[in-house]
Amino acid sequence: RWALFRNQVTALLAHEKIVTTEAKAKEIRGLAEKMITLAKDGSLASRREASAFVTERKVVDKLFAEIAPIYADRSGGYTRLLKLGPRPGDNAPMVRIELVK
């Protein structure tokens, strides 16, 4: 379960938007926002904590160099969920989770 969340948060930070089920998106929203908050701090301890969760080093570098400065004056609410409707195979509610610009 945690491997799934880590991979989805990594994909969200790398691509800035992903399509997934609503339940998964609601779970990873808080984790992604925590990573962005860590990146806003910018300390070495924060970088190490983010590196322990995010699976790719290049995404951690992007998080600290590009994503965190965008949200420097924002105190939360870094992500948005957009409902896309049901998935054809099993009727699961699908959403697009994206970073707010």
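Helices (H or I, at least four residues) and strands (E, at least two) are taken here as DSSP runs, numbered from the N terminus. The expected span of a helix is 1.5 Å times one less than its number of residues.

Before we look around, two notes on the ground rules. This is a predicted model, so local features need pLDDT of at least 70 and side-chain atom pairs count only at pLDDT 80 or more, while totals for chains, interfaces and linings use all residues. Residues are numbered from 1 along each chain as its sequence is written, and side-chain values use heavy atoms, with hydrogens and water left out.

Let us start with α4, residues 57-70: its 14 residues should span 20 Å at 1.5 Å a residue, and its end C-alpha atoms are 20 Å apart, which agrees. For α2, the 20 residues should span 28 Å, and the end C-alpha atoms, 29 Å apart, agree with that.

After α2 comes Gly42, with a positive phi near 80 degrees.

**What is buried, and under what**

A residue is called buried under 20% relative accessible area, exposed over 50%, and partly exposed in between (1.4 Å probe, protein chains only). The buried residues of α4 are Val59, Val60, Lys62, Leu63, Phe64, Ile67 and Ala68. Their cover includes α1 (2-15), α2 (22-41), α3 (44-53) and β3 (93-99), where contact means heavy atoms within 4.5 Å.

In α2, the buried residues include Ile28, Met35 and Ile36, and the buried part of this helix packs against α1, β1, α3, α4, β2 and β3. Glu22, also in α2, counts as buried because its relative accessibility is 17%. Leaving aside residues up to four places away in sequence, Glu22 touches Lys83, Pro93 and Val95.

**The core**

A nonpolar core is a set of buried Ala, Val, Leu, Ile, Met, Phe, Trp, Tyr and Cys residues joined through side-chain atoms within 4.5 Å. The largest one has 27 residues, and Val9, Leu13, Met35, Ile36, Leu63 and Ile67 touch the most other members. At least two residues come from each of α1, α2, α3, α4 and β3, and α2 gives the most, with 8 residues. With residues up to four places away in sequence not counted, Met35 touches Val9, Leu13, Ala50, Phe53, Val54 and Leu63.

**How α1 meets α2**

The axes of α1 and α2 come within 9 Å and cross at roughly 65 degrees; these axes are lines fitted to C-alpha atoms, for helices over the stretch in contact, with angles from 0 to 180 degrees between N-to-C directions. Among the residues making this contact are Trp2, Phe5 and Val9 of α1, and Ile28, Leu31 and Met35 of α2.

**Two loop residues with positive phi**

Glu16, in the loop between α1 and β1 (17-21), has a phi near 70 degrees, a positive value in a residue other than glycine. Glu16 counts as partly exposed because its relative accessibility is 23%. Asn91 lies in the loop between β2 (79-86) and β3, and its phi is near 65 degrees, again positive without being glycine. At 56% relative accessibility, Asn91 counts as exposed.
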